[in-house]
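Here is a short walk through one protein model, a helix and a strand at a time. Keep the picture open as you read.

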Amino acid sequence: MTGNGRSFDARVGGALVDPNLQQALSNVRTNFVGRRAAAKSALPEWGDLSNEATAIKNHVLTHLDVYLEAYEAKATAAGATVHWAATAADARDIILRLCREAGAKTVTKGKSMVAEEIHLNQHLEANGITPVETDLGEYIIQLRGEIPSHIIAPAVHLTKAQVEADFRKEHTHLDPARSLQEPRELVNEARGILRSKFLAADAGITGANFLIAETGTSVIVTNEGNGDLTQVLPPVHIVITSIEKIVPTLEDVSTILRLLARSATGQDVSTYTTFSTGPKRAADPDGPGAYHVVILDNGRSEMLGTELQDVLRCIRCGACMNHCPVYQAIGGHAYGAVYAGPIGSVLTPALPGGAAAKDLPNATPFCGRCEEVCPMQIPLPGMMRHFRQEQVRMAKAPTGQRIGLGLWAYLAQRPRLYRLFTRASTRVLEMWSGGKGRTRWLPLASGWTRHRDLPAPQGRTFHDLWAERQKQRGKS
């Protein structure tokens with residue numbers, strides 16, 4: 001979590017009036033959504049693939065212990081060393097120990113949300129080791145001291161002008177008169193800076209989109225090739241991932257890969273899909289001399305067999321975020337957590353320390369778009385309702401929400417009083433609107449009317465109309 005000492009409401013308020021953020025978020029609405037729709041429509045078997053991928057992950061989660069043990073056996077046979085981390089602190093300590101054993105002073109890092117989850121960079125820096133993010137988006141936010149604002153596009157919240165300003169501020173050894181007007185120029189500058197980092201790194205750390213039990217293989221999916229350089233050039237490759245990333249076979253991972261890139265970026269397949277099995281062999285031209293895999297639990301095993309198990313099917317495509325009207329309006333940092341958007345609103349409260357994220361399940365209009373576009377068919381709205389119900393049950397929901405739901409429940413259990421109240425409120429709201437069908441201000445509803453008109457009821461209540469209809473049917 002990283003709320004910067006502000007409440008969720010305060011972060012949302014700041015995001016809504018941030019002109020740079022709002023300009024940057026237009027790219028989410030115009031690019032990700034349209035490209036995914038085109039990729040899906042071009043694949044007639046999309047529905048069948050989604051069903052099959054969902055069944056694969058359900059099967060794995062039911063037999064997770066079996067597949068994790070099978071993966072460890074195959075990976076170990078291929079020369080890897082597998083480490084089990086129950087908590088985020090365990091994972092940090094294991095990776096720090098491996099870096100120290102390698103004599104590492106500088107490590108290059110591929111993009112990893114799990115590394116962000118355990119705050120790995122901060123831990124390495126506090127212990128005298130310099131981590132260098134090599135994914136372009138991660139490199140940019142590392143310069144800014146920020147967390148990712150998106151699962152697949154960490155710097156989507158920034159404009160090109162902001163990135164240019166950051167590069168000029170940080171890359172002071174370069175010609176101040178150089179042109180950085182074009183995206184290509186920004187990319188080339190970052191590439192030049194990072195090239196020497198790749199060559200000098202003492203260890204490389206990557207995440208893993210998948211672990212394959214059949215072969216003991218880790219898989220990363222990238223569009224820049226930085227992940228390959230991170231894991232091939234240094235003498236030590238360390239993978240940090242979590243227990244739910246396991247899949248049984250190569251065929252299974254191929255099925256899910258057909259959905260991943262299409263859901264994430266609208267590509268048929270990512271530019272690089274890299275399979276790594278063990279360290280360098282005698283006949284290999286390159287590769288690490290040592291290969292370690294750190295597999296993190298951090299509360300995930302406690303979700304198994306509960307209402308939250310389905311969230312472990314997530315393949316981190318980001319489609320739910322891209323289509324969520326709340327995320328489109330406020331971006332990722334307003335959530336105050338590493339995982340933002342609908343998936344973050346479920347996963348973050350479920351992880352250790354998630355009590356601080358009690359507001360996130362309320363950051364949804366329940367439009368259902370997140371569940372509709374999820375290739376793994378995760379029922380995200382239902383899970384957010386689960387957290388809301390828990391908040392109400394434990395009296396931890398916001399005071400206004402508890403009072404409002406309490407009043408509604410009181411009325412709903414008393415039909416006559418409910419009908420009397422709805423008839424009266426319908427008349428009052430209709431009069432308040434002056435017969436215009438909408439009102440621009442209403443007491444206790446300023447959160448809505450500050451930004452939009454509130455539709456006013458017109459005519460009779462549903463109960464009145466239904467009673468009349470039933471009466472007419474009785475006469476016919």
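Helices here (H or I, at least four residues) and strands (E, at least two) are DSSP runs, numbered from the N terminus. This is a predicted model, where local features need pLDDT of at least 70 and side-chain atom pairs count only at pLDDT 80 or more, while totals for chains, interfaces and linings use all residues. Residues are numbered from 1 along each chain as its sequence is written, and side-chain values use heavy atoms, with hydrogens and water left out.

How far apart are the end C-alpha atoms of α4? They are 20 Å apart, which agrees with the 20 Å that its 14 residues (64–77) should span at 1.5 Å a residue; the expected span is 1.5 Å times one less than the number of residues. The buried residues of α4 are Leu 64, Tyr 67, Leu 68, Tyr 71 and Ala 75. Seen down the helix axis, they fall within an arc of 100 degrees, so they line one face of α4. (The arc is that of the directions from the helix axis to the C-beta atoms.) On the other side, Asp 65, Glu 69 and Ala 77 are exposed. Buried means under 20% relative accessible area, exposed over 50%, and partly exposed in between, using a 1.4 Å probe and protein chains only. The buried residues of α4 pack against several elements, including α3 (46–62), β1 (81–85) and β10 (290–296); contact means heavy atoms within 4.5 Å.

## An open sheet

Four strands make an open sheet in the order β8-β5-β6-β9, with mixed pairing. The edge strands, β8 and β9 (272–276), each pair on one side only. Two strands pair if DSSP finds at least two bridges between them. β6 and β9 run antiparallel and are joined by five bridges, and Ser 218 stands opposite Ser 276 in β9.

## Two nonpolar cores

A nonpolar core is a set of buried Ala, Val, Leu, Ile, Met, Phe, Trp, Tyr and Cys residues joined through side-chain atoms within 4.5 Å. The largest one has 86 residues, and Phe 210, Ile 240, Val 294, Tyr 327 and Tyr 335 have the most contacts inside it. Helix α5 (residues 88–101) gives the most to this core, with seven residues. A second, separate core of 17 residues includes Ala 75, Val 82, Ile 243 and Tyr 291.

Is Thr 230 buried or exposed? Thr 230 is buried, with a relative accessible area of 0%, and it lies in helix α11 (residues 226–232). Its side chain makes a polar contact of 3.3 Å with the side chain of Thr 134. (A polar contact is a pair of N or O atoms within 3.5 Å; within protein, one must be able to donate a hydrogen and the other to accept it, and residues adjacent in sequence count only if both atoms are side-chain atoms.)

Now find Arg 262 in helix α12 (residues 250–264). Arg 262 is buried too, with a relative accessible area of 10%. Its side chain reaches the backbone oxygen of Asp 268 at 3.3 Å.

## An enclosed helix

Nine of the ten residues of helix α15 (residues 341–350) are buried, so α15 is largely enclosed by the rest of the structure. What covers those buried residues includes α13 (319–323), α14 (325–330), α16 (369–373) and α17 (380–393).
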